[in-house]
Amino acid sequence: MIRETVLTTRSGDGRIHIAPMGVHERPDGLMIAPFRPSATLDNLLREGFAAVNCIDDVRVIAGCLTGRRDWPTVPTARVPGARLADALSHLEVVLERVENDALRPRLLCRVVREDTHRPFRGFNRAQGAVVEAAILVSRLHVLPRDKIERELEYLTIAMDKTAGPREREAWDWLMEKIETFRRRQREACA
Ligand SMILES: Cc1cc2nc3c(=O)[nH]c(=O)nc-3n(C[C@H](O)[C@H](O)[C@H](O)COP(=O)(O)O)c2cc1C
């Protein structure tokens, strides 16, 4: 099973790097698989630890993909570094093993601490829609335009029916990014 989370890792100069990333649940721990190049990958390989944040404010996910990476963090307890201040829960993990790959190495991690900070209040379809749209945005260069259009049209239904202000703000950031990408494509072709 893959859970869509936000990883916080520490960069060489001590800054906290925030990035959405799928985390694979394995019987022996968690597997994280960043595509190269990736700051998260570099940080995990160098420092050997990370925090895995479970969130319900999807602005963090949309924000990371649209140049808004500055979300509040607080120090972690068992590993050096930090977690998202607003996380519902978080795991602290240490890197145990690397399965190397030129495109997408697999980082096997052991959970050394788990904390819950706020209750999970139930599924929200608009949050799911923002996560799906964020994945589309992260793959704008590789996905065909009509696939993106079709998927966005479907996701808009959940947005219209179930979004709150945070989900709408996150959605707007993503749509703005898609619009900018399309405009640049048009300009490059002109
Ligand atoms: C929900 C979601 C899940 C993602 N999962 C992954 C992943 O498993 N591996 C990956 O390389 N990028 C993933 N991405 C894209 C990264 O967040 C994005 O490319 C990011 O910039 C990672 O690069 P960085 O480590 O240099 O920040 C995901 C994006 C979203 C929105």
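Strands here are DSSP runs of E with at least two residues, helices are runs of H or I with at least four, and both are numbered from the N terminus. This is a predicted model, where local features need pLDDT of at least 70, side-chain atom pairs count only at pLDDT 80 or more, and totals for chains, interfaces and linings use all residues. Residues are numbered from 1 along each chain as its sequence is written, and side-chain values use heavy atoms, with hydrogens and water left out.

The shell holds 19 residues, and His17, Pro20, Phe35, Ser38 and Thr40 come nearest to the ligand. A residue is near a molecule if one of its heavy atoms lies within 4 Å of it. By class, 12 shell residues are nonpolar, four are polar and three are charged. Nonpolar covers Ala, Val, Leu, Ile, Met, Phe, Trp, Tyr, Cys and Pro; charged covers Asp, Glu, Lys and Arg; the others, Gly among them, are polar.

Now the polar contacts, pairs of N or O atoms within 3.5 Å. Phe35 places a polar backbone atom 2.7 Å from a ligand oxygen. Gly22 has a polar backbone atom 3.1 Å from a ligand nitrogen. Arg104 uses its side chain: a polar atom there lies 3.2 Å from a ligand oxygen. On its own the ligand has 620 Å² of accessible area, and the protein covers 83% of it. Such areas come from the Shrake-Rupley method with a 1.4 Å probe.

The ligand sits in the largest pocket. Sitting there requires more than half of its atoms within 2 Å of the pocket's grid points. A pocket is an open set of points on a 1 Å grid over the protein atoms alone, where a 1.4 Å probe fits, with protein on both sides within 12 Å along at least five of seven lines. Two or more shell residues come from each of S2 (16–26), helix H1 (39–47) and helix H3 (125–138).

Look next at the loop between strand S3 (29–32) and H1, where Pro37 is placed. The peptide bond from Arg36 to Pro37 is cis, with omega near -10 degrees.

Finally, the strands. Pairing takes at least two DSSP bridges. Strand S4 (residues 49–54) runs antiparallel to strand S7 (residues 89–99), joined by six bridges. Val52 has Leu91 of S7 as its bridge partner. S7 also pairs with strand S8 (residues 106–116), antiparallel, over 10 bridges. There Val94 stands opposite Arg110 in S8. S7 and S8 form a hairpin, with six residues between them.

Terms used:
A polar contact is a pair of N or O atoms within 3.5 Å; within protein, one must be able to donate a hydrogen and the other to accept it, and residues adjacent in sequence count only if both atoms are side-chain atoms. On a 1 Å grid over the protein atoms alone, a cavity is a set of points where a 1.4 Å probe fits but cannot get out, and a pocket is an open set with protein on both sides within 12 Å along at least five of seven lines; lining residues have an atom within 4 Å of a point.
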